[in-house]
Amino acid sequence: MLPSGLTQRAFRSCPCINSSRKKQSVALRPEHNTAIAALCQTSGTRRRLRFFAGFLSTEPLRLSMLLCRVSALSRTAARWGRRSRPGDGLLRRALSLSSGRRLCASSGEAGAESGSAPGLYRDTVLLPRSEFPMKLTGQKLLEREVRIQQECGFADLYSWQRERKAKKEFCLHDGPPYANGDPHVGHALNKILKDIRNRFEMLRGRQIHFVPGWDCHGLPIELKALGELGTSGLSPLQIRRKAREFAEGAVARQKAAFQRWGLMADWDQCYYTYDGAYEAAELKVFQEMHSKGLVYQDYKPVFWSPSSRTALAEAELEYNPEHVSRAIYAAFPLSTLPAAMASAGLEGGVSVLVWTTQPWTIPANQAVCFMPNAQYSVLKRTDDSQLLLVATERTASVAALLGAELESVGTFTGTTDLEGGMCTHPTVPDKLVPLVPANHVTMAKGTGLVHTAPAHGMEDYSVASRFKLSVECMVDEDGVFTHLAGPELHRLPVMTEGTDKVIRMLKDAGALVKEEQCVHSYPYDWRTKQPVVIRPSKQWFINTASLKDKAKEALQKVRVVPESARGSLLSMLDRRTYWCISRQRSWGVPIPVFYHRETGEALLNKHTVSHIATLFKEKGSDCWWELPIETLLPDGVLKKSDAGPVTDYVRGEDVLDIWFDSGASWAAVLEESDTRADAYVEGKDQIGGWFQSSLLTSVAVRNKAPYKSLMVHGFAVTEKGEKMSKSLGNVVDPDVVINGGKDPSTPAYGADVLRWWVAESNIFSEVQIGPSALNSARDSIGKLRNTLRFLLGNLQGFDPRTQAVDPKEMHYIDQYMLHLLREYSIKVTDAYSEYDAGRAIRVLQAFINRELSSFYFSIIKDRLYCDPEDSLARRSCQTVLEEILDGVTRSISPILPHLAEEVYLHAPGHDEGETLFKSGWIKSSSVWRRPGLEEAVEGACAVRDSFLASIPGKNAAQYDLTIAIEPGLLFELMESLQEEATSTSSQLAELMTVARVTLTGALPRDLPPGALLSTGSFLINLEGGVIREDSAYSVAAVPTSAARCPRCRRYTAESAECLCPRCQPLVSQARRPSDIA
């Protein structure tokens, strides 16, 4: 049954009934009687509702004071029919009253339904609604990313953009990753960086030229393909087939991973260095360099890897800073004193003291070098009277090392006094070696006198060339002494047993002065991780010395990011006097040279190379071993070459250095595009690798760099800053990052988290990855996702194509947000242009946290939720929210393509099938910046900040403000936000988030005692500084006397039970009598 006295309580609880105003008798309109009659049909309530109807028709109350809380009674009446328990609720619908009439609510009765009066009006408030999920994790996340790739055409995007018309092209030339294993986080770092830039440029309307490639030749692949079998008993073709199969498998795995990461490319049109067409283009570069005299064959020292049995280039070395050598100080007796020394009365017994970290090279010694203009002293040891020649500058260090006092008995100047001296070789007594000047001698370590073995040092070789010294090699391909070293050393490995034997020989000869352990940086084979040696070998070289100046000049026209990397590029060029490009292996591009059987003379010219290049293009480089020499060297080519019969020649067995392979990629890949790529993007290890080899080959052939800009990034390391190693078990697998691991502690993060990690990292230093970094990336994306969901939820039912508001008609705060959105778009565009996706993320997060969440969103929620759905004020706000959603989504799309396309699928105003990446970059307009707008809103914000600072921890909505500003520019700007002197609904009141704002020229004298006062000033700067005015303001904040509206929760109602003037008509219109049934 209806609870006793319900109707009486429902009406008497309204303060309007107890009003002291004169009561008037009124009759219900027909629609009111109809509604009540419908209520009376409810079983069990007819008698009391008839009383209710009679009461309504006779009670002398104003109509605006009647029918309060009928919505609660309606809900209860409906429940009566279902025999509800007493107190379950009140009527669901309110009778509609004419516009402007008050609706009041009893907080006590409302509490019976929902615990708060606003619950009664929930269905009249426009809360956010969206199907966009707040959170995606685990398998749902992975399935969603894959579905996004399929639905949004990730696989076809590259081809689509290549076919569209574009005024400009952007070419990012892909440095080929090595096809020798599974994809790793280094690949992810590099490839995702490239994809971020490509997607950004494509969105800006440029046509992207990006051809993924793989470096497929080289020893690492050969070693892994053959495994424990080695090359023993296998023909070159057998080795090549196994190596190709291995490379193809690695390429397939890496390619699949790159696609899953969301990389944009045509994966059916990649380049491979083992492809015949690529090899032909490479040989064309080789031929042009040879015809210019830049490629030559010579016998000179090179880096040699005994573990690989091949020559190595500088770029194929890794330097181990913890290498330990057995360093020695050895005495070379002067058999012939220099003239100046003899004149000084030093008749004999003087020895030259040298220092070396490679004792095994002593048997190959051909000279001792001194610094031309340095001072040298003959020092007498006080403990044994031995006379030693040492650089004067190094005397103290040598004395400390030997633990003996050294007495100078004569001082001499380098070239002037030492030239002409001859020393006896300490291990070959009948051999004499000269004292010669050399510029490479330094005083940083040792004695200032350098043991010189031309066969085992680049600088030593230069000295030998100058002074016509012998370059005698006593070490074979396996790093073992040959018979030339003598019977005591023959067949001993130079780095181990050979070193030990040489030291014993020096000791036996009385020439060993001191031995010590020396920890220093030493070159290792980057493939086998074993130390290398320097030994002479007949190899093919590129004369980089003649290219160096041109390369430096070309590099000055290249933009380098970061600029600090330019110095490393230049110093690497300076250190490289020549480039050994021949390798003694089978898996590579054969050097197209033939040798005369008797003389060994090389046959290599444009005719022979062009013919071989044509064969390679048609058949691939396997034909070098497959075809008979008559096909490789036909009569026509022999005739053009003025060579003898083909039977006089044999084909060469060396292959080209893989750095020459990849360094010629510009010739094979960029031919259809501009001959210079807009960018090369690689890790810092490529400063002496691909960046340099590409520069040298391009400058040699075309006199220009192959790139307009270089972007150099760091390496991926663990969160502890350690290099990743399988042996240490600290390798981060990108597949596990995306799909999760067997251990529950390794969740599935998805591809976008991996991409965010790349973008957010400081890529110009070492890039750390681990659980902390990945969790941080996931959380950041989660926060971003919530912001996007808020935007989508408040755009439900809004179509920007038909309902957007012109900026000129918008609220000032909305126009101001468009201005901030335009500034945001400029900043984020600049960041991407600088290859700084991390800055783009920081700009994004600052915009969301400061401009959106803390400012705009907090101000507009009331207007969004409580204003009429189709009102200009709300549509103005929605127009801006749609622009923000569009701008933010596009700005994150290069980094988070999956999330961006997912948002785009839910966003309003798009045709079905339309995708974000086919619709362009952020669409900001210059008209969004209006003179005076920025000053008006920011001036109001300055006042707001002063006010908020005066009420720390309190609710601003509970205050009335009086803002006093003397007449001037600031006052005029504030008037544009509030035309009335006092208002609860002005734009100024909205921006202040208070109950009421009064704008005046001076504070009233009769302020309440509890008023909170604050002051400040705001500098107005218009017309580029032409108009400047520093305006003062005062603010008085007084707790409002108004009550909180139960619907909108603003303090603008006459009482706690009544709706505010803004909400009354909205509820009246929303709850029509026809709704009561």
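This is a predicted model: local features need pLDDT of at least 70, side-chain atom pairs count only at pLDDT 80 or more; totals for chains, interfaces and linings use all residues.

Student: What is the phi of R491, and is R491 buried or exposed?

Tutor: Most residues other than glycine have a negative phi. R491 has a positive value although R491 is not a glycine, with phi near 75°. Its relative accessible area is 64%, and because the cut-off for exposed is over 50%, R491 counts as exposed.

Student: Where does T993 lie, and what is its relative accessible area?

Tutor: T993 is found in the loop between α36 (987–992) and β31 (996–1000). Its phi, near 55°, is positive in a residue other than glycine. T993 is partly exposed, and its relative accessible area is 23%.

Student: Which residues does a cis peptide bond join?

Tutor: Most peptide bonds are trans. The bond in question has an omega of about -5°, and its proline, P562, lies in the loop between β18 (559–561) and α18. The residues joined by this cis peptide bond are V561 and P562.

Student: How many helices and strands are in the chain, and what percentage of its residues is buried?

Tutor: The chain contains 37 helices and 33 strands. Among contacts between residues at least 6 apart in sequence, 75% join residues at least 24 apart. Of the 1077 residues in the chain, the buried ones make up 56%.

Student: Which residues does L784 contact, beyond its neighbours within four places in sequence?

Tutor: L784 is among the residues with the most contacts inside the largest nonpolar core. Once the neighbours within four places in sequence are left aside, the contacts of L784 are W756, L844, I848, V888, I892, L896 and L899.

Student: Why is helix α27 described as largely enclosed by the rest of the structure?

Tutor: Helix α27 covers residues 751–760, and it is largely enclosed because nine of its ten residues are buried. The buried residues in α27 are A751, D752, V753, L754, R755, W756, W757, V758 and A759.

Student: Is R785 buried or exposed, and which backbone oxygen lies 2.9 Å from a polar atom of its side chain?

Tutor: R785 has its place in helix α28 (residues 771–793), and with a relative accessibility of 8% it counts as buried. Not counting residues up to four places away in sequence, R785 touches F132, P133, M134, K135, L136, L899 and E902.

Student: How far apart in space are A391 and S377, C-alpha to C-alpha?

Tutor: A391 lies in strand β11 (residues 387–391), and at 0% relative accessibility A391 counts as buried. Its contacts include Q375, Y376, M443, T447 and G448, with residues up to four places away in sequence not counted. A391 and S377 are 14 residues apart in sequence, and their C-alpha distance in space is 6.0 Å.

Student: What is the volume of the largest cavity?

Tutor: The structure holds seven cavities of 30 Å³ or more. The lining of the largest cavity has eight nonpolar, no polar and three charged residues, and helix α8 (residues 185–203) supplies the largest share of that lining, four residues. The volume of the largest cavity is about 90 Å³.

Student: Which residues that line the second largest pocket are the closest to its centre?

Tutor: The second largest pocket holds about 1700 Å³ of space. By class, its lining has 24 nonpolar, 18 polar and six charged residues. Of the 48 residues in that lining, the closest to the centre are G457, M458, E459, D460 and I534.

Definitions and conventions. Residues are numbered from 1 along each chain as its sequence is written. Side-chain values use heavy atoms; hydrogens and water are left out. A nonpolar core is a set of buried Ala, Val, Leu, Ile, Met, Phe, Trp, Tyr and Cys residues joined through side-chain atoms within 4.5 Å. Buried means under 20% relative accessible area, exposed over 50%, partly exposed in between (1.4 Å probe, protein chains only). Contact means heavy atoms within 4.5 Å. On a 1 Å grid over the protein atoms alone, a cavity is a set of points where a 1.4 Å probe fits but cannot get out, and a pocket is an open set with protein on both sides within 12 Å along at least five of seven lines; lining residues have an atom within 4 Å of a point. Grid points are joined across faces, edges and corners, and a volume is the space filled by probe spheres set on the points. Ala, Val, Leu, Ile, Met, Phe, Trp, Tyr, Cys and Pro count as nonpolar, Asp, Glu, Lys and Arg as charged, and the others, Gly among them, as polar. Helices (H or I, at least four residues) and strands (E, at least two) are DSSP runs, numbered from the N terminus.
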